[in-house]
Amino acid sequence: MSHLPTIAEELQPIVWQDGHLLLLDQTQLPAREEWVTVRDVAGAIEAVRAMRVRGAPAIGIAAAYAMALAAHSIEVPTMPAFLGELDAQAERIAAARPTAVNLAWAVERSMGVARTCSTPAEAAERILALAHTMREEDVESNRAIGRNGAALMPDSGAILTHCNTGALATAGYGTALGVIRAAWDSGKRVQVFCTETRPWLQGARLTAWELARLGIHATLIVDSAAGALMASGGVAAVVTGADRIAANGDTANKIGTYSLAELAAANGIPFYIAAPLSTVDLDVKSGADIPVEERPAVEVTSLAGQRIAAEGVDVWNPVFDMTPARLITAIITERGVLRPPYEAQLRAPHPSPLPQEKTVA
């Protein structure tokens with residue numbers, strides 16, 4: 001790209017420009033639209049760990065470009081030496097955050113390309129080309145997820161979503177929020193509720209901002225209001241994203257997702273996961289085997305730099321929780337809508353979607 005996207009254009013939070021990576025800094029939204037320039041692997045790792053870029057698909061694309069930065073920075077004459085240094089950088093990138101499987105997926109794809117090359121220069125160019133391709137694939141995948149999920153959304157009822165799963169969490173368009181977008185664009189005048197999503201407030205800061213940018217009216221609720229909202233009959237469907245999906249369909253996602261799934265089941269509300277197949281980790285049998293990242297206590301004890309908790313209190317701050325497959329009505333992917341039991345479909349080279357559920361009224 002030769003320029004940064006403006007407010008009138010499709011939101012593109014990850015841009016490669018003039019040999020370096022530009023990331024829309026999500027820690028500054030919605031107050032300011034600031035771009036972070038990433039010139040090396042250390043900068044990419046910092047951006048991922050500091051939540052400047054977040055969302056499993058977006059982290060994967062950022063990792064692909066980090067691999068391109070690494071490849072272009074290595075100055076050795078032979079391929080064995082190049083691969084050795086690139087592999088060391090790959091390990092650093094893959095360790096930036098442990099739960100989102102897209103991170104390791106992108107790194108492994110990049111290393112796979114490098115191993116087929118004859119020279120370091122060829123490898124560097126092909127890894128960059130792969131990053132561009134992965135970025136384009138992600139946008140197209142998200143649009144397909146949106147189309148596949150739109151039919152499941154109510155014609156005029158309410159949808160509840162959690163965390164941020166829009167363009168900011170991907171290379172563009174979004175996953176669960178992409179489903180909502182596609183439903184809206186198809187003429188369905190759905191009402192959208194988004195949780196604030198403590199402690200980083202991705203729903204309040206990012207989802208609400210994206211929906212306003214798209215002209216889709218949304219109502220913000222505190223996380224603990226979701227049960228009351230569902231019990232009131234005010235929700236027809238719940239749709240969230242995923243950071244990792246185990247082979248049996250168990251899903252790791254932003255903390256609070258499991259609670260929403262249990263509440264949805266208790267109130268007879270369908271609960272959907274919308275995610276690309278790159279989020280599936282077939283090496284993990286169930287959610288019990290997925291590592292869960294824990295982050296610093298200050299994220300809970302402080303808000304916008306101001307301490308809000310009593311001094312001396314202990315904090316448990318897991319970033320994700322596990323939603324068991326039994327609570328998931330369907331997993332919406334770019335290749336179709338999958339329903340339980342999930343494992344055979346997730347393991348199939350080209351999963352065949354089962355018949356779609358009728359649209360919720």
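Two strands are said to pair if DSSP finds at least two bridges between them. Strands (E, at least two residues) and helices (H or I, at least four) are DSSP runs, numbered from the N terminus. The model is predicted, so local features need pLDDT of at least 70 and side-chain atom pairs count only at pLDDT 80 or more, while totals for chains, interfaces and linings use all residues. Residues are numbered from 1 along each chain as its sequence is written, and side-chain values use heavy atoms, with hydrogens and water left out.

## The three-stranded sheet

An open sheet is formed by three strands in the order β1-β2-β3, with antiparallel pairing. Its edge strands are β1 (14-17) and β3, each of which pairs on one side only. From one strand to the next, the twist averages 25 degrees. Four bridges connect β1 and β2 in the antiparallel sense, and W16 is found opposite L21 in β2.

A helix accompanies this sheet: α2 lies across β1, β2 and β3 and runs at about 20 degrees to β1. Such angles run from 0 to 180 degrees between N-to-C directions, the axes being lines fitted to C-alpha atoms, for helices over the stretch in contact. Contact here means heavy atoms within 4.5 Å.

## The parallel strands and their crossovers

Strand β4 (residues 158-161) runs parallel to β5, to which four bridges join it. A158 stands opposite Q191 in β5. Between these two strands the chain passes through α6, and this β-α-β crossover is right-handed. A crossover is given that hand if, with the strands pointing away from the viewer, the path from the first strand over the helix to the second runs clockwise.

Strand β5 (residues 191-195) also pairs in the parallel sense with strand β6 (residues 218-221), over four bridges. The bridge partner of T195 in β6 is I221. With helix α7 (residues 202-214), β5 and β6 make a right-handed β-α-β unit. Strand β5 is mostly covered, four of its five residues being buried. Buried means under 20% relative accessible area, exposed over 50%, and partly exposed in between (1.4 Å probe, protein chains only).

Helix α6 (residues 176-185) includes R181. This arginine counts as buried, because its relative accessibility is 8%. Its side chain reaches the backbone oxygen of Y173 at 3.3 Å. Neighbours within four places in sequence aside, R181 is in contact with E10, Y173, L214 and I216.

## The four-stranded sheet

Four strands make an open sheet of mixed pairing in the order β11-β8-β9-β14. β11 (280-281) and β14 (320-323) stand at the edges with a single partner strand each, so one side of each is left without a neighbour in the sheet. Strand β9 (residues 251-254) pairs with β14 in the antiparallel sense over four bridges, and A252 stands opposite M322 in β14. Helix α9 (residues 257-266) lies across β9 and β14, at about 30 degrees to β14.

## Salt bridges

There are 13 salt bridges in the structure. The term denotes a side-chain nitrogen of Lys or Arg within 4 Å of a carboxyl oxygen of Asp or Glu. The table lists some of them.

| Pair | N to O distance |
|---|---|
| D25 and R52 | 3.1 Å |
| R109 and E137 | 3.2 Å |
| R295 and E299 | 2.6 Å |

The salt bridge between D25 and R52 links distant parts of the chain, 27 residues apart: D25 is in the loop between β2 (20-24) and β3 (35-38), and R52 is in the loop between α1 (41-49) and α2 (56-73). D25 is buried, with a relative accessible area of 4%, whereas R52 is partly exposed at 22%.

R109 counts as partly exposed at 28% relative accessibility, and E137 is partly exposed at 37%.

In the pair formed by R295 and E299, both residues are buried. Through salt bridges that share partners, R97, E293, R295 and E299 are joined into one network.

Terms used:
Polar contact = N/O pair within 3.5 Å; in protein donor to acceptor, adjacent residues only side chain to side chain.
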